[in-house]
Amino acid sequence: MNFDDTPQEAEFRATARKWIDANAPKQYEAELSKSSLGRIRLEKEDIVDVGKAWQKKKAEGGWACLHWPKEYGGRGASPIEKVIWQQEEGVYGKLTQPFQIGEGMCGPTVMAFGSEEHKRHYLPKLASGEHIWCQLFSEPAGGSDVAGLRTRAEKQGDNWIVNGQKIWTSGAHYSDYGLLITRTDPNVPKHKGLTMFFLDMKSKGVEVRPIKQANGMQEFNEVYFTDVVIPDSQRLGAVGDGWNVSLTTLMNERMSIGSRLATGFPEMFEFCSNLMTDDGLAIDDPATRSKLANWAVKASGLKYTSYRAISSLSKGERPGPENSIGKLVSGSMLQDIATYAMDLQGAAGALTGADEEMARGQFQQMLLSSPSMRIAGGTDEILRNIIAERVLGLPGDIRVDKDVPFNKIPTKGRG
Amino acid sequence: MNFDFSDEQKQMRDAARKFLAEKCPPKAVREVLDGKAPYDKELWKGLAEMGFLGVAIPEEFGGAGAGHLELCVIAEEMGRANAPVPFSSTVYLAAEALLLAGSDAQKQKWLPKIASGEAIGTLALFEGKGNPSPKAIKLQASGGTLNGVKRPVPDGAIADFAVVAARTGSTGRDSDISLFLVDLKAGGVEAKPLTNIDPTRGQAELTFTKAKAEPLGAAGDGWSILTQVLDRAAVLLAFEQVGGSDRALEMGRDYALDRIAFGRPIGSFQAVKHMLADMYVSATLARSNCYYGAWALSTNAAELPEAAAAARISATQAFQHCSKNNIQVHGGMGFTWEFDCHMYYRRANASALTLGSLSYWEDQLIDRMRKKNAA
């Protein structure tokens, strides 16, 4: 048992480190080092522009989409090399945020279901950051129940005509292409009538509208489709096989081993270590200490759980299911930590001033943003179902709509 | 990175699991639970023959000389089987104290006997209510004898020898405390069994009356040695707790799959599924914290105090959580004496206290993290 690289890993790390040291945009290091939740912002420049420049440089140096095959713009690296790269890329990894959905979800789906011509045409441009991709799955009526989606695609000659609405699409406003799942047959049960496409986001009839979120920010979009034409050649997988195709996409979403989820603990520990209350430092208060200790062991438990997964990768094994706990633990931890940090400040805890005295307003922002961490990418409840069913082998939910044609499923709870 | 046990260590875990499944079925645990024997003597003998009691004891002292990672995997299996033997007191506390602070002669006298199963050892630390603290130690040492009362002492009624924490000064500093080694069969010590929530691991009151004692480690070093012993024992016991957590989770999962209510397996109800998923989460967090503790223990890393406290807290929480919700999944059947759920519930809650309570370790963790941050 050790934390050391193998000789090959050490060599790879040294090469990566040397390249990053020579090429990274160091002028942003300090700004990127500041911890922040959600979308990253830069003071003076658009994160997408800076990100594109970094991605392009990486692609030229052979460091983009590392685990992809070389012919599609990757490096053909092993999973452990990808983890090592992420560790070395460090804060500059935050610049890759606009490309993560493309690299982690859209790209692998095109790779699995696209034609060779498509792969050679689209993937290298995705890898180099020239094109940004988004994922158009969620709908107002299909969140956790994503197969309940209603966006229609109807065949007309060699084309499909799409009408409907998607929601919670991150990056839709700056994306060039989108991975779109649609309903092509409402007369069969819901999982069987879906078909996957990709489309040019500049297509006529695509309208992107930002969503004003509960935390006051605008980070996601609604995307409306009005008679949008998609050529049949941009279909991924067979007609009616969209659900299976989407499973490939979502499987890749969960492969993000080694990327640390924010828990809020380091910020909270520092805050309590310095906060003077009427009874002395907050960290000297027994109730606070108990809470801190509980959060500390969750944070360290998550850290070492990811180390166990990395170790599996290092041995060339598939990581076990234990990594599935990450978001479930960290999401509610952020919310609990934010709530308690504000509680420690008394009535002033409600103030959102960004000065030092108010801990730069970070906990208030954390409080308002944290509900999304328990919903996006699988709600806490869906994640518990996944653990119960796929890890513990418990029966799936009884699905009352399983054998019902989609257009016969009730759409309203009351009345 | 190789943050995992080696194939050999995993084989040893499998061997221990197989051995315990055969020699320590719930029926055997119940013999002790029902008060028919103070501990499972046959099992103890078998563990010695398998080399498990001396796995971390060097060969020159009669052990297998394997190491602490090997001991961790065995501890996990002891917890999984809820083994009714004085393993934690003898191996995690007494043997570790001897390894840390014993003279060659002391090691030579006791370690081979521990490895062979001939001697049961323990640590006599507590004197009534409260957590580990130098101030709480009143038992007096003078002129090579001890006078005072220790309670609760784990496995105190069946132990052959004890490491005893005694007061040798009154300056108010940690250096007032020294450790002693006492042969409990040599007279001067009266052992009275105490009833406790987990009869499969006995507790006793030991009364020392001019009991002969030899110093263990240098005079005044007692508290510093004890702190190290408790940290090491915390990691090892945490592995037992993780083994117990996993077993409780499995029992709950199996029952949820088999039990039909309202016309379907209860494991298909989300209320039950989510409870089991949460048990899996705590058990996984605990296991990962324990692995870090194992690494720190086996390499004697500077991180050990912090790692041990984290493993202890996480594993205590996981075992309490899994064992209590295992009963909940079982419903009424889980509250019968006949079902095994309560054995794990008892062990979980007794283990949660035996090296000092959860709140004590929470306090320790924060102190240690601050110390590290200040350094």
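Me: Before we start, what puts two residues in contact here?
Reply: Two residues are in contact if their C-beta atoms, placed from the backbone, lie within 7 Å. By that rule Gln364(A) touches Met342(A) and Thr352(A), leaving aside residues up to four places away in sequence.

Me: Thanks! What kind of model is this, and how are things numbered?
Reply: This is a predicted model, where local features need pLDDT of at least 70 and side-chain atom pairs count only at pLDDT 80 or more, while totals for chains, interfaces and linings use all residues. Residues are numbered from 1 along each chain as its sequence is written, and chains are lettered from A and ligands numbered from 1 in the order in which they are written.

Me: Back to Gln364(A): buried or exposed?
Reply: Gln364(A) is buried, with 22 other C-beta atoms within 10 Å. The cut-offs are 20 or more other C-beta atoms within 10 Å for buried, 12 or fewer for exposed, and partly exposed in between, with C-beta atoms placed from the backbone.

Me: Which helix does Gln364(A) lie in?
Reply: Gln364(A) lies in H11 of chain A, residues 362-373. Helices (H or I, at least four residues) and strands (E, at least two) are DSSP runs, numbered from the N terminus.

Me: Now the contact between the chains. How many residues does each chain give?
Reply: Chain A gives 37 residues and chain B gives 40 residues. On chain A, helices H9 (286-314), H10 (326-343) and H12 (380-391) each supply at least two residues of the side that touches chain B. H9(A) gives the most, with 16 residues.

Me: What's the make-up of that side of chain A?
Reply: It divides into 20 nonpolar, nine polar and eight charged residues. Here Ala, Val, Leu, Ile, Met, Phe, Trp, Tyr, Cys and Pro count as nonpolar, Asp, Glu, Lys and Arg as charged, and the others, Gly among them, as polar.

Me: How does H9(A) cross H11(B)?
Reply: The axes of H9(A) and H11(B), residues 358-374, come within 9 Å and cross at roughly 80°. Those axes are lines fitted to C-alpha atoms, for helices over the stretch in contact, with angles running from 0 to 180 degrees between N-to-C directions. So H9(A) is roughly perpendicular to H11(B). For the labels, angles under 35 degrees count as roughly parallel, over 145 as roughly antiparallel, 65 to 115 as roughly perpendicular and the rest as oblique.

Me: And what about H9(A) with H9(B)?
Reply: The axes of H9(A) and H9(B), residues 304-330, come within 9 Å and cross at roughly 100°, which makes H9(A) roughly perpendicular to H9(B). The residues of this contact divide into five nonpolar, three polar and no charged. Among the residues that meet are Ala293(A) and Val297(A) from H9(A), and Ile313(B) from H9(B).

Me: Switching topic, where does H5(A) bend?
Reply: H5(A) bends by about 35° at Cys106(A), and Pro108(A) follows within four residues. The bend is the angle between axes fitted to the seven residues ending there and the seven starting there. Since 10 of the 14 residues of H5(A) are buried, the helix is largely enclosed by the rest of the structure.
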